[in-house]
Amino acid sequence: MNATRLSCLSRLFGGCAPRALTITKVRLGAPRSLALVALGAAWLGATTLARADEPAPATAPSPTAEATPAPAETSPPPPPAAPPPAETPTVAKTAAPPAPAVPAAPPPPPYSLPWQLRPLTVGNVVRLDTSAAAYKDAAGNSGNTQAMMLLGSYKVTPEIAPIVRLGFVKNDAPAMGADGTSFVNPVVGAAYSHKIDSFRLALFLGTTIPIGQGAGQMPSAGAATADSAGINARSAMDNAMFAVNYMTGILGAGFGFISNGFTAQVEATVFQLFRVRGNDMTASAPDGTRTNSTAGLHLGYFLIPQLSIGGELRYQRWLSHPNRIAMGMKAPFVDANMDNVTFAVGPRGHFKLGKSLWIRPGISYSQGLDKPLSDGKYKTIQIDIPVIF
């Protein structure tokens with residue numbers, strides 16, 4: 001009895017798991033034993049009921065959490081603010097207000113390109129210029145000449161541009177004359193342009209390279225005739241290129257006024273010819289040296305930004321008295337052949353094709369106002385296609 005009681009009590013007070021309590025051999029007459037059994041049963045029941053009412057925690061509480069109530073949930077204090085970046089003049093809040101933008105420079109006033117005078121300006125240019133002339137010989141027979149010029153220039157500074165000019169001529173002679181073609185002397189040189197308010201000063205220095213066809217003591221008749229016809233088709237303004245037996249130094253100056261769509265310019269040029277092929281009996285070059293000159297006036301006006309009209313008066317005169325071969329002898333030029341006066345007039349378009357690309361095609365009509373071109377009934381159409389880039 002006593003052993004059984006002690007075993008049960010040790011399980012009760014030792015934390016044994018609750019289970020049904022089996023008591024055997026209990027004597028009703030032992031009050032002390034009954035009291036102990038009743039006390040143990042009461043304690044065991046209370047403990048079981050208390051554990052049944054408690055919810056099972058998800059995780060074991062930490063000793064600190066059991067000991068003290070959880071503090072109210074608060075956000076962590078913000079980190080200290082980083083110092084502001086050093087302000088630059090473009091974003092500084094206290095910087096002075098920006099200076100007003102400088103207005104863009106106005107575009108240059110439109111310039112009316114001349115027909116056979118040199119431009120007053122320099123630029124990056126490719127220019128194809130063709131003159132087609134119809135004429136008659138002394139017997140009234142008709143002929144025609146086409147003279148083509150290809151020019152290229154490129155600005156190396158805002159005021160200076162080297163220039164190269166090539167020429168080709170084709171002549172259909174009247175009646176039984178010799179037809180022919182010729183590549184004439186090219187020109188190389190440099191142009192200079194200086195702006196003074198609305199005025200322009202232009203200079204040119206160059207030379208021909210004497211490699212043209214139809215030169216020498218015994219030239220091709222067709223090429224030599226084409227060279228001679230090309231002079232008149234170009235209104236005698238490009239004599240140096242057709243003088244294929246000569247190397248020619250060229251010095252020219254121009255001055256003009258450009259404002260509000262109006263252009264007025266004048267120019268003068270001197271040509272000094274030095275014979276480098278042929279001899280004193282060469283038909284087209286019996287003189288060792290010759291001096292020639294040209295001058296001109298051009299007026300132009302823009303009717304609208306895309307269209308201008310221009311006219312010019314041109315004059316050519318020999319400063320020395322050239323000779324020719326007649327009946328195997330030298331003979332001086334007749335007075336009528338010492339100079340020429342011509343005029344030209346026509347419209348020109350101005351079209352922008354890109355940011356800096358322009359095309360300015362034009363067509364003009366020209367004719368001679370005195371001998372010898374007036375005697376030959378020369379009438380010339382010029383088609384000029386400059387491309388500026």
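What follows is a set of questions and answers on the fold, the core, the salt bridges, a pocket and some backbone details.

Mentor: Before we start, bear in mind that this is a predicted model, in which local features need pLDDT of at least 70 and side-chain atom pairs count only at pLDDT 80 or more, while totals for chains, interfaces and linings use all residues. Residues are numbered from 1 along each chain as its sequence is written, and side-chain values use heavy atoms, with hydrogens and water left out.

Trainee: How many helices and strands does the protein chain have?

Mentor: Helices (H or I, at least four residues) and strands (E, at least two) are taken as DSSP runs and numbered from the N terminus. Counted in this way, the protein chain has 5 helices and 17 strands.

Trainee: What share of the residues in the protein chain is buried?

Mentor: A residue is called buried under 20% relative accessible area, exposed over 50%, and partly exposed in between, with a 1.4 Å probe and protein chains only. Among the 389 residues of the protein chain, the buried share is 35%.

Trainee: Which residues touch the most other members of the largest nonpolar core?

Mentor: A nonpolar core is a set of buried Ala, Val, Leu, Ile, Met, Phe, Trp, Tyr and Cys residues joined through side-chain atoms within 4.5 Å. In soluble globular proteins, nonpolar side chains tend to be buried together. The largest such core here has 21 residues, and those touching the most other members are V169, F204, M241 and F242. The elements that give two or more residues to this core are β2 (142–153), β3 (160–172), β5 (187–196), α5 (239–242), β7 (246–259) and β8 (262–275).

Trainee: Which residues does F242 touch, not counting residues up to four places away in sequence?

Mentor: Contact means heavy atoms within 4.5 Å. With residues up to four places away in sequence not counted, F242 touches A147, M149, V169, V184, D227, G230, I231 and R234.

Trainee: Which residues are linked in a network of salt bridges?

Mentor: The structure holds 11 salt bridges. The residues linked in a network are D129, R165, R234 and D238.

Trainee: Which element gives the most to the lining of the second largest pocket?

Mentor: On a 1 Å grid over the protein atoms alone, a pocket is an open set of points where a 1.4 Å probe fits, with protein on both sides within 12 Å along at least five of seven lines, and lining residues have an atom within 4 Å of a point. About 1300 Å³ of space lies in the second largest pocket, and of the 43 residues that line this pocket the closest to its centre are S228, A229, I231, N232 and F333. With 7 residues, the element that gives the most to the lining is α4.

Trainee: Is A236, which has a positive phi although it is not a glycine, buried or exposed?

Mentor: A236 is found in the loop between α4 and α5, and its phi is about 60°. Its relative accessible area is 1%, so A236 is buried.

Terms used
A salt bridge is a side-chain nitrogen of Lys or Arg within 4 Å of a carboxyl oxygen of Asp or Glu. Grid points are joined across faces, edges and corners, and a volume is the space filled by probe spheres set on the points.
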